[in-house]
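Here is a short briefing on one protein chain. Look at the sequence and the structure first, then read the points by topic.

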Amino acid sequence: MTRTQEWRLRLGLTEDDGTTRAEAVLDTGSGQLTGHGVARCNPQDVDVPVIGDDLAAGRAMKDVAAQLMRAADKEMETVGGGPAPGPVAPPYAWSDTTA
């Protein structure tokens, strides 16, 4: 049985006086998750707006990803499963430093 879905992510960025803020809104069709991220330029550093955009956006999407993982854990618990104890190593490539 094949199942296809499309989720939409809207990402908004605002920059003001060396601080970039991002809001990521994930619409799953049955609900929404909103993540936030902030990046601040050190006053001694060269202001490169694209770096602030990348950092703030990445942090907002990481916030959404963490919310998705918590929701999946809760859903697994309702059917008798649950999260693995402790940090779980990724199957390949770079390690997840957030685990």
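Thr20 touches Leu13, Thr14, Glu15, Gly37, Val38, Ala39, Gly52, Asp53 and Ala56, leaving aside residues up to four places away in sequence. Thr20 is found in strand β2. Its relative accessible area is 3%, so Thr20 counts as buried, the cut-off being under 20%. Keep in mind that this is a predicted model.

**Overall layout**

- The protein chain has one helix and three strands.
- Along the sequence, these elements follow the pattern β-β-β-α.
- The protein chain has 99 residues, and 18% of them count as buried.
- The protein chain exposes about 7900 Å². Carbon and sulfur atoms supply 55% of that area.
- Take the contacts between residues at least 6 apart in sequence: 34% of them join residues at least 24 apart.

**The sheet and the helix**

- Three strands form an open sheet, in the order β1-β2-β3, with antiparallel pairing.
- The edge strands are β1 (8-16) and β3, and each pairs on one side only.
- On average, neighbouring strands of this sheet are turned by 15° against each other, direction ignored.
- Helix α1 packs on the sheet and touches β1, β2 and β3. The direction of α1 makes about 145° with that of β3.
- How many bridges join β1 and β2? The two strands pair over nine bridges, in the antiparallel sense.
- Asp16 stands opposite Thr19 in β2.

**The nonpolar core**

- In soluble globular proteins, nonpolar side chains tend to be buried together.
- Which residues make up the largest nonpolar core? The eight residues are Ala22, Ala24, Leu26, Leu33, Ala39, Ala56, Ala60 and Val64.
- Strands β2 (19-27) and β3 (32-40) and helix α1 (49-78) each supply at least two residues of this core.
- Ala22 is one of the core residues. Residues up to four places away in sequence aside, Ala22 touches Leu11, Gly12, Leu13, Gly35, His36, Gly37, Ala56, Ala57 and Ala60.

**A buried glutamine**

- Gln67 is found in helix α1.
- Is Gln67 buried or exposed? Gln67 has a relative accessible area of 18%, which is under 20%, so this residue counts as buried.
- Gln67 touches Leu33, Thr34 and Gly35, not counting residues up to four places away in sequence.

**A loop residue with positive phi**

- Most residues other than glycine have a negative phi.
- Asp17 has a phi near 50°, a positive value in a residue other than glycine.
- Where is Asp17? Asp17 lies in the loop between β1 and β2.
- Asp17 has a relative accessible area of 74%, which is over 50%, so Asp17 counts as exposed.

**The salt bridge**

- Side chains of opposite charge can pair when their charged atoms come close.
- The structure holds one salt bridge.
- Glu6 forms a salt bridge with Arg8. The closest N and O atoms of this pair are 3.0 Å apart.
- Glu6 and Arg8 are both exposed.

Methods:
Residues are numbered from 1 along each chain as its sequence is written. This is a predicted model: local features need pLDDT of at least 70, side-chain atom pairs count only at pLDDT 80 or more; totals for chains, interfaces and linings use all residues. Side-chain values use heavy atoms; hydrogens and water are left out. Helices (H or I, at least four residues) and strands (E, at least two) are DSSP runs, numbered from the N terminus. Buried means under 20% relative accessible area, exposed over 50%, partly exposed in between (1.4 Å probe, protein chains only). Contact means heavy atoms within 4.5 Å. Accessible areas come from the Shrake-Rupley method with a 1.4 Å probe; for residues, only the protein chains shown count as cover. A nonpolar core is a set of buried Ala, Val, Leu, Ile, Met, Phe, Trp, Tyr and Cys residues joined through side-chain atoms within 4.5 Å. A salt bridge is a side-chain nitrogen of Lys or Arg within 4 Å of a carboxyl oxygen of Asp or Glu. Two strands pair if DSSP finds at least two bridges between them. Axes are lines fitted to C-alpha atoms, for helices over the stretch in contact, and angles run from 0 to 180 degrees between N-to-C directions.
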